[in-house]
Amino acid sequence: MLVKKGVLALAALMAGAVAPAMAWAADEVVVYSARNEQLIKPMFDAYTKETGIEIKFVTDKEGPLMQRLKAEGANTPADVFLTVDAGNLWQAGNEGLLAATPSKVLEQNIPAYLRDPGNQWFGLSVRARTIAYNPTMVKASEMSTYEDLADPKWKGKLCLRTSKKVYNQSLVAMMIEEHGAAKTEEIVKGWVANQATEPFSSDTKMMEAVAAGQCALGIGNTYYYGRLVAANPDISLKLFWPNQEGTGVHVNISGAGVVKHAGNKAGAQKLIEWLSSDKAQNLFSDSNHEYPANANIKPSELVASWGTFKQNQINVVRAGELQVEAVKLMDRAGYK
Ligand code: FE
């Protein structure tokens, strides 16, 4: 009786207009994205055009998306989680929201330091967190390292973004990895003492303050600089690449992982692999003035015009693993 009912129900479905929709649904990939529609839609459209596979996406901030993945559990419609910062990706993996997805393609396309050693997430674009300075106030020859920004010679000249932002937590976490907590705390205290004013709510506001001369220099992500110079090529703002004699510039990623309870794991993996490919890497990085994660691909003309630099190649997973320690350290150091 039960079997008969099931067959009848299936027959009814197949006879109706629902059947093609089911076939389509089996193929489609659902993405939860903390990156906004304007950045991701052109890539997804290109993927659909090439493969015929439809992509559905939901955009929100990473916090609510992770909450949603947790609440939905095994019933989640999501296949892929896409966000910025290794700190956030690590957190998603640490909370059991992602599935380890070993992939020869991703191993080949993405350098090891830009992906999770446990294969739960993969960097797809790179952003450098570097020094932005006002060339009317500072000469390039006066700058050297992140650590040097703690020197009293920069008193009243440094602008910082709030320590609440994951970007600064990741930067400080990577400094703890390199120097240990005690030395890092001294450096961060030096930064705090050198601030021209209270921390800013965004990299953009911080960089605008540098360009306006409120401070001489600050620490920010390269793509925010890209947006400012693209809008105003004459802005009084330049980038400096610190720590070139040492471990290199702090870099971070935007990236993605396959959702633990994805209904379409194979489709999710295929999409992430495609995003790492030669074809997709410029689409992914150029739209936000970022660097391709795939080392075979060159950045856009504007991004390339800022020059080349040595990247810190310690695995960005450490930014996640040391995040809690970094937050506590910044609090102790009085970094608001
Ligand atoms: Fe950002």
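User: What should I know about the model before I start?

Analyst: It is a predicted model, where local features need pLDDT of at least 70, side-chain atom pairs count only at pLDDT 80 or more, and totals for chains, interfaces and linings use all residues. Residues are numbered from 1 along each chain as its sequence is written, and side-chain values use heavy atoms, with hydrogens and water left out.

User: Let us take the metal. Which residues are the protein donors of the iron ion?

Analyst: Start with the term. Donors are N, O and S atoms within 2.8 Å of the metal (3.2 Å for Na, K and Ca); water is not among the atoms, so sites may look incomplete. Here the iron ion has Y167 (OH), Y223 (OH) and Y224 (OH) as protein donors, lying 2.0 Å from it.

User: What spacing do the donors follow along the chain?

Analyst: The pattern is Y-x55-Y-Y. Distant parts of the chain are linked: Y167 sits in helix 7 (residues 166–179) and Y224 in helix 10 (residues 222–231), 57 residues apart. Helices (H or I, at least four residues) and strands (E, at least two) are DSSP runs, numbered from the N terminus.

User: Are Y167 and Y224 buried or exposed?

Analyst: Buried means under 20% relative accessible area, exposed over 50%, and partly exposed in between (1.4 Å probe, protein chains only). Y167 is buried, at 5%. Y224 is buried too, at 11%.

User: Now helix packing. At what angle do the axes of helix 7 and helix 8 cross?

Analyst: Two packed helices are described by the angle between their axes and the distance between the axes. Axes are lines fitted to C-alpha atoms, for helices over the stretch in contact, and angles run from 0 to 180 degrees between N-to-C directions. In this model, helix 7 and helix 8 cross at roughly 135°, and their axes come within 7 Å. Helix 7 is therefore oblique to helix 8. The scale: angles under 35 degrees count as roughly parallel, over 145 as roughly antiparallel, 65 to 115 as roughly perpendicular and the rest as oblique.

User: Is the crossing of helix 7 and helix 8 right-handed or left-handed?

Analyst: A crossing is left-handed if the near helix is turned anticlockwise from the far one by less than a right angle, and right-handed if clockwise. Helix 7 passes helix 8 in a right-handed crossing.

User: Which residues make the contact of helix 7 and helix 8?

Analyst: Contact means heavy atoms within 4.5 Å. Helix 7 contributes L171, V172, M175, I176 and H179; helix 8 contributes A181, K183, T184, I187, V188 and W191. By class, these residues are 8 nonpolar, 2 polar and 1 charged. Ala, Val, Leu, Ile, Met, Phe, Trp, Tyr, Cys and Pro count as nonpolar, Asp, Glu, Lys and Arg as charged, and the others, Gly among them, as polar.

User: How do helix 8 and helix 15 pack?

Analyst: Helix 8 (residues 181–194) and helix 15 (residues 323–332) pack at about 45°, with axes 9 Å apart. That angle makes helix 8 oblique to helix 15. Their crossing is right-handed. A181, T184, E185, V188 and K189 of helix 8 meet E325, L329 and R332 of helix 15.

User: Where is G190 found, and what is it in contact with?

Analyst: G190 is in helix 8. It is buried, with a relative accessible area of 10%. Leaving aside neighbours within four places in sequence, G190 is in contact with L149 and A150.

User: Which residues is W154 in contact with?

Analyst: W154 lies in the loop between strand 5 and strand 6 (158–159). At 3% relative accessibility, W154 counts as buried. Neighbours within four places aside, W154 is in contact with V138, E142, M143, D148, L149, N194 and L217. W154 and L217 are 63 residues apart along the chain, and their C-alpha atoms are separated by 8.9 Å.

User: Last, the backbone. What is phi of D85 and of N119?

Analyst: For D85, phi is near 75°, a positive value in a residue other than glycine. D85 lies in the loop between strand 3 and helix 5 (86–94) and is buried, at 0%. For N119, phi is near 65°, again positive in a residue other than glycine. N119 lies in the loop between helix 6 (104–109) and strand 5 (122–133) and counts as buried at 18%.
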